[in-house]
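Thanks for coming. I will take a few minutes to go through one structure, and please keep it on the screen while I talk.

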Amino acid sequence: MATTSAATFSIGSTVSFGRRGSPPPLTKPSAARCTSQNSLASFSGLKAATSVNCDSESSFLGKESSAALRGSFARKAQKPNQSSHHGLQLQASYKVAILGAAGGIGQPLALLIKMSPLISALNLYDIANVKGVAADLSHCNTPSQVLDFTGASELGNCLKGVNVVVIPAGVPRKPGMTRDDLFNINANIVKTLVEAVADNCPEAFIHVISNPVNSTVPIAAEVLKQKGVYDPKKLFGVTTLDVVRANTFVAEKKNLKLIDVDVPVIGGHAGITILPLLSKTKPSVRFSDEEVEQLTIRIQNAGTEVVEAKAGAGSATLSMAYAAARFVESSLRALDGDGDVYECSFVQSDLTDLPFFASRVKLGRKGIEAMIPSDLQGLSEYEEKALEALKPELKASIEKGIAFAQKQPVTA
């Protein structure tokens, strides 16, 4: 006997709101829980509804985010010449490819991205074992079609017409390994994959997860330059996990609602190059010198914390997949025309004397629309010293990536 149940639609992403002309607010991680008592035939698990109810007490949405989400749905529902169920239709229109989809990060990341109502096609690529992952995911009753691609001969087809490419491919960290230990293996993997991106979808947003990000993003940039298709506004090193961790640890430490907490994280994506700006935490909160040092060190070493806890069985795959999915959703929202999307990312930058730097950026349909230089102003004494201390290590990692790419000719 059929029963009527509440349909649930969840979004994990970043929503920021501010009046035009005022400084943009910090990113706000959010997840919208929208419920309907109607059992509908459309979108199955992502059902449309007669009304949207966003409950900030049971979700990661604040009042401003809830209002904006309702407004977003209303705008989509009011578009002319579109049929809709009960006045609302979510538009799945973007193609996403995951390169390394059968791995420890790739599988949970694929599942999370499959839940997005904005995706029409999810292309999964790996050198082996991806067919089963795609078959499994294809049974999920969400809009996107799942296709699998195995091996170098199918990589080009995987990337045709893709809007966002996510690259988690590579070997994971093991106990005792640093991100530099991963360099020789992962550098070649990233180079090969980005060559294929340049040849098949040069206009796509490129999200680099493969470590060491401080080196692999410069490698990707050099490959794209050699191919003649480099657009610095569309190349991103995914550092969202550092923000996710900072928000979580600060909320725990200060007994705050996680929905309210936002900590910008700048620098790079390894060890001391990760610099959480605790002085700019929202909401404003006081930290003792001891708390600042303890939280900073924990955020910087959080990856090692997971590697050691797993005792050789893997690295931070689940939290990384969550953070990467959030960044993908933010990119899709930007592509879809949302004008209030901000994320921290490791990108080509002129905010410091380093060619690449992680900071908060505004995303739009063409990629990065603006840097946020105010984030680097008014730092605490501790943060100023930490910023200067991280620069030599970050500079060396960037130069290592550039040198590697320049010595390796790209495939024609």
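Is Cys201 buried or exposed? Cys201 is buried, with a relative accessible area of 5%. Before I go on, note that this is a predicted model.

Staying with the cysteines, Cys344 is also buried, and its relative accessible area is 1%. A search of the whole structure finds zero disulfides. For Cys201, the nearest cysteine sulfur belongs to Cys158 and is 8.4 Å away, while a disulfide needs the two sulfur atoms within 2.5 Å.

Next, helix α3, which covers residues 130-137. Its buried residues are Val130, Val133, Ala134 and Leu137. Seen down the axis of α3, they fall within an arc of 95°, so they line one face of the helix. On the face turned away from that buried side, you will find the exposed residues Lys131 and Asp136. What do the buried residues of α3 pack against? They pack against α2 (106-114), β4 (119-126) and β5 (145-150).

Last, a pair of helices. Two packed helices are described by the angle between their axes and the distance between the axes. Here the pair is α6, residues 213-227, and α11, residues 381-407. Their axes come within 7 Å and cross at roughly 35°, and the crossing is right-handed. On the α6 side, the residues in contact include Pro218, Ile219 and Glu222; on the α11 side, they include Leu394, Ile398, Lys400 and Phe404. By class, this contact has seven nonpolar, six polar and two charged residues.

That is my last slide.

Methods: Residues are numbered from 1 along each chain as its sequence is written. This is a predicted model: local features need pLDDT of at least 70, side-chain atom pairs count only at pLDDT 80 or more; totals for chains, interfaces and linings use all residues. Side-chain values use heavy atoms; hydrogens and water are left out. Buried means under 20% relative accessible area, exposed over 50%, partly exposed in between (1.4 Å probe, protein chains only). Helices (H or I, at least four residues) and strands (E, at least two) are DSSP runs, numbered from the N terminus. The arc is that of the directions from the helix axis to the C-beta atoms. Contact means heavy atoms within 4.5 Å. Axes are lines fitted to C-alpha atoms, for helices over the stretch in contact, and angles run from 0 to 180 degrees between N-to-C directions. A crossing is left-handed if the near helix is turned anticlockwise from the far one by less than a right angle, and right-handed if clockwise. Ala, Val, Leu, Ile, Met, Phe, Trp, Tyr, Cys and Pro count as nonpolar, Asp, Glu, Lys and Arg as charged, and the others, Gly among them, as polar.
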